[in-house]
Every structure is written in C-alpha cells, then in structure tokens.
Amino acid sequence: MNTAKFNQKIRWMVFLVLAVVILTVFTFPTAPAAAAPTGLSSTCKNVIQDYVNWAKNGDNMVDMQWSGLNVKTTDPNARHEFGYGRWGFARLEDSGNTLHGFIQEYFSDRTKGQQKFYYKSYDWTEISISPKNGVTLHLYSWGNGEVKVTDLSCSSDGFIMFRWPGTMQMITIVLVKTYY
C-alpha cells in the first residue's frame, strides 16, 4: 500500500472522528427558549388590589407586620449561629394605586446583654406594595439601596411571601385591614 494513500485515509478518519466529537459536544439550538414569566401572579394582583381598595375608603388603612429568617450558613457545625431573624411593623396608607409606609424593623442579632431584638437598635425601611409592581423596599440603613420583588406568593387573607433576591432569606408580610 502506498504511504500517501495511507496518510490520506488516516487524515479522513481523524477528520471524521473530530467531526463526530465536535457535533456531540456542541448542541445547536433549533428554536429560541421561552422567556421566564415576569410580573405578579393574578392571585397576588387581586389580593394586593383588595387591600389598596380598602385603604382608599375614608378612614381605612392597612397595618402590616413582617418577619423573616436570614440563613447565613447551612454548615452543621455552626450550631445556633446559622442566621438571624427580623421583625417589623408599619402603617400603610393609599398612595395612588399603592400601599405605602415605613417599616420600623428589629433584628435578633442586635442585642443588649441577653436581649435579642434590642429595642433601641432598629432600621427604617420604606415599603410600597402595588398590584402592578409588587413589593419595593428602600433601605435607608443600607446605603439607600432599593429592592424590587415581583416573585411573590400570596394568600387571600393578606399573607405575602417572598425570598429576598440574592440571599438565603425568606420574608412573610401580613396585611390587616384597620381604621385610623
């Protein structure tokens, strides 16, 4: 057998093997992927709108409490130092088609002696809740940052739950219809 013909066959075999490897490693999309749904669910829109409508009438307003747990680590050796809790309250009023107020918020990792949630160590957070934009938070104590959350879970009795974006933290808001 001629070495030139043999080398040519080897080159073709190497080419075919490389082509098969490349085609199996790289996949080429046949159609664009569907976009993830954005915005609030219809349940959350309806729940929030119900509380906004309540606040629009006369002397009505909405009281709000929230609580959360921030998990700092899931390391089993951390014992009781795995995270901290937060609790706050606010009186919300109608502002256009939005509930608006200021949360006075306390944290379990702010202590005085054995007292957790030390009453003199709190933050102010501005909150807006709307059926269009979800929950928007203005963090005065944290460099005036802003957090917007539309991935909410809501129940008809005024519970709104969400995971704080980019953290291992879960927040529960409870809305209560009340009067001035």
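What follows is a short chat about the structure above.

Q: What kind of model is this, and how are residues numbered?
A: It's a predicted model, where local features need pLDDT of at least 70, side-chain atom pairs count only at pLDDT 80 or more, and totals for chains, interfaces and linings use all residues. Numbering starts from 1 along each chain as its sequence is written, and side-chain values use heavy atoms, with hydrogens and water left out.

Q: OK, how many helices and strands does the protein chain have?
A: There are 2 helices and 9 strands. Those are DSSP runs numbered from the N terminus: H or I of at least four residues for helices, E of at least two for strands.

Q: In what order do the elements run?
A: From the N terminus on, it goes α-α-β-β-β-β-β-β-β-β-β.

Q: And how much of the protein chain is buried?
A: Buried residues are 32% of the 180. Buried means under 20% relative accessible area, exposed over 50%, and partly exposed in between, using a 1.4 Å probe and protein chains only.

Q: Switching topic: which cysteines does a disulfide join?
A: Cysteine 44 and cysteine 154, at 2.1 Å from S to S. The pair links distant parts of the chain, with cysteine 44 in helix 2 (residues 42-56) and cysteine 154 in strand 7 (residues 153-154), 110 residues apart. By the rule used (cysteine sulfur atoms within 2.5 Å), the count is 1 disulfide.

Q: What's the handedness of the link?
A: Right-handed, with 105 degrees about the S-S bond.

Q: Are those two cysteines buried or exposed?
A: Cysteine 44 and cysteine 154 are both buried.

Q: Now the largest nonpolar core: how many residues?
A: It has 29, and those with the most contacts inside it are Ile129, Leu152, Phe162, Ile173 and Leu175. Helix 2 gives the largest share of this core, 6 residues. A nonpolar core here is a set of buried Ala, Val, Leu, Ile, Met, Phe, Trp, Tyr and Cys residues joined through side-chain atoms within 4.5 Å.

Q: What does leucine 152 touch?
A: Leaving out residues up to four places away in sequence, its contacts (heavy atoms within 4.5 Å) are Leu40, Cys44, Ile48, Gly134, Val135, Ile160, Met161 and Phe162.

Q: Where does tryptophan 164 sit?
A: In the loop between strand 8 (159-163) and strand 9 (169-179).

Q: Buried or exposed, though?
A: Tryptophan 164 is buried, at a relative accessible area of 9%. Not counting residues up to four places away in sequence, tryptophan 164 touches Trp66, Arg86, Leu137, Leu139, Val147, Gln169 and Ile171.

Q: Which residue has its charged end over the ring of tyrosine 51?
A: Lysine 177, 5.1 Å from the ring centre. The test is NZ of Lys or CZ of Arg within 6 Å of the ring centre and within 35 degrees of the ring normal.
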